[in-house]
Amino acid sequence: MLEVGYLHIANPIAIISSHNHPETGVAAGLLLLDGFDLDDVSLQEMQESIESYSGSERANLKTSALGLCTTCSRDEPLLEAAKLASHNLCLLDLRLSKIRDPIRLLELIPRLKRCGVTLSLRIRPEDLSNELMEKLLESELDIIHLDLRGLNGAGPKMVKKARDCRGPMVMALADIGEFEDARMLLAMGADVVSMRGADPEFAQWLSSAVREYDSLSGWGNAPKHICAGGDLRGLAFCCPPVKHCAVLGALKRAGMTAEEFVNRKLALARGTPLEKGEGTCFGSLVWCCKASKMCYLREAAMQKIGLSDKEYMELKKKLAEDLLRQFS
Ligand code: SF4
Ligand code: SF4
């Protein structure tokens, strides 16, 4: 379960669907109703869309959070939409199509947030300069919704870059054709993967598959090892920095010295099963690799203390969160 603002997102798959013909049959974690260009669509229509979904559908599916994708050439309708979204506990997904001016955007975000709304910004990577990203990190934006459609191989790298900024939650809109496409984006740091125009049967299957993968693995969007291109959460799998390897660059990006890294990891493992690890390379599971990397030494150490792969990965997930939180 992902918690952001007042939203509870039960699984990391979001479906974007026209508000005129919403795809309500898929038990996705988040349903985004698209097409609220407030220059053409009234707030009354927005309210009616929420009401028609909120009754039976939302209650039946239970899992789905609801979002409203909107844009407008004027600020006032957007502020009213933010109040409406906040009142109905919906995400407001701001689209840039009518808000091209970055100055207007950066002034608008705090005004929308003052309405109490949980806010995301849907943006193409080419519109996201480093300067704008820095300013967005300082804003109170809850979710950065990267539109990666058409980028193919470059998409996961953009996700990693946004993730490593350690700012808003990352949602990645991409062309998802199979489970591996979604898993890759999640492994590179996306909290949620969104899809538009997906076949409902495939979307339903993917939603269930990702949920099952998460519950079996203990950390559904676990990163790759740092040396395999993983984002900063991969520091949870790094050994002590005793040799020249990619961990040094990652520590620099995280703003942590090697000594702080060692001390923090040891402190966070203290009193947890990760402190154990007799017979492993560095004598403690806190320095050990991902569960998906076969290792008889680690498996023997885990067996000795009765720790399952799932529990191990859950502990590593918490370790990554705590480690990076302290240095954000
Ligand atoms: S410390 Fe180990 S896991 Fe981390 S980057 Fe270096 S070799 Fe890879
Ligand atoms: S014992 Fe195995 S899992 Fe642990 S650090 Fe060494 S190779 Fe990695």
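Student: Let's start with ligand 2. How does its shell divide by class of residue?

Tutor: Keep in mind that this is a predicted model. Sorting the shell around ligand 2 by class gives seven nonpolar residues, one polar and one charged.

Student: Which residues are around ligand 2?

Tutor: Cysteines show up again and again: Cys 239, Cys 281, Cys 288, Cys 289 and Cys 295 are among the residues there.

Student: How would I describe where they touch?

Tutor: One general way is by area: the size of an interface is often given as the accessible area lost when the parts come together. Here we can go by residues in contact: eight from domain 1 and seven from domain 2.

Student: Which helices supply at least two residues each to the domain 1 side?

Tutor: Helix H6 (154-164) and helix H8 (200-217). H6 gives the most, with three residues. By class, that side of domain 1 has four charged, two polar and two nonpolar residues.

Student: Now the strands. What do they form?

Tutor: A closed barrel of eight strands, in the order S3-S4-S5-S6-S7-S8-S9-S10, with parallel pairing. On average, neighbouring strands are turned by 25° against each other, ignoring direction.

Student: How many bridges join S7 to the strands S6 and S8?

Tutor: S6 (residues 91-95) and S7 (residues 118-123) run parallel and are joined by five bridges. In that pairing, Leu 91 is opposite Thr 118. S7 and S8 also run parallel, with four bridges between them, and Ser 120 has Ile 143 of S8 as its bridge partner.

Student: Which way do the side chains point along a strand like S8?

Tutor: The general idea is that in a regular strand the side chains alternate between the two faces of the sheet. In S8, Ile 143, His 145 and Asp 147 point one way, while Ile 144 and Leu 146 point the other way.

Student: And are the residues of S8 (residues 143-147) buried or exposed?

Tutor: Five of its five residues are buried, including His 145 and Asp 147.

Methods
Residues numbered from 1 in each chain as written. Chains lettered and ligands numbered in written order. Predicted model: local features only at pLDDT ≥ 70, side-chain atom pairs only at ≥ 80, totals over all residues. Near = placed C-beta within 6 Å. Nonpolar A, V, L, I, M, F, W, Y, C, P; charged D, E, K, R; others polar. Contact = placed C-beta atoms within 7 Å. Pairing = 2+ DSSP bridges. Axes fitted to C-alpha atoms, helices over the stretch in contact; angles between N-to-C directions. Buried ≥ 20, exposed ≤ 12 C-beta atoms within 10 Å, placed from the backbone.
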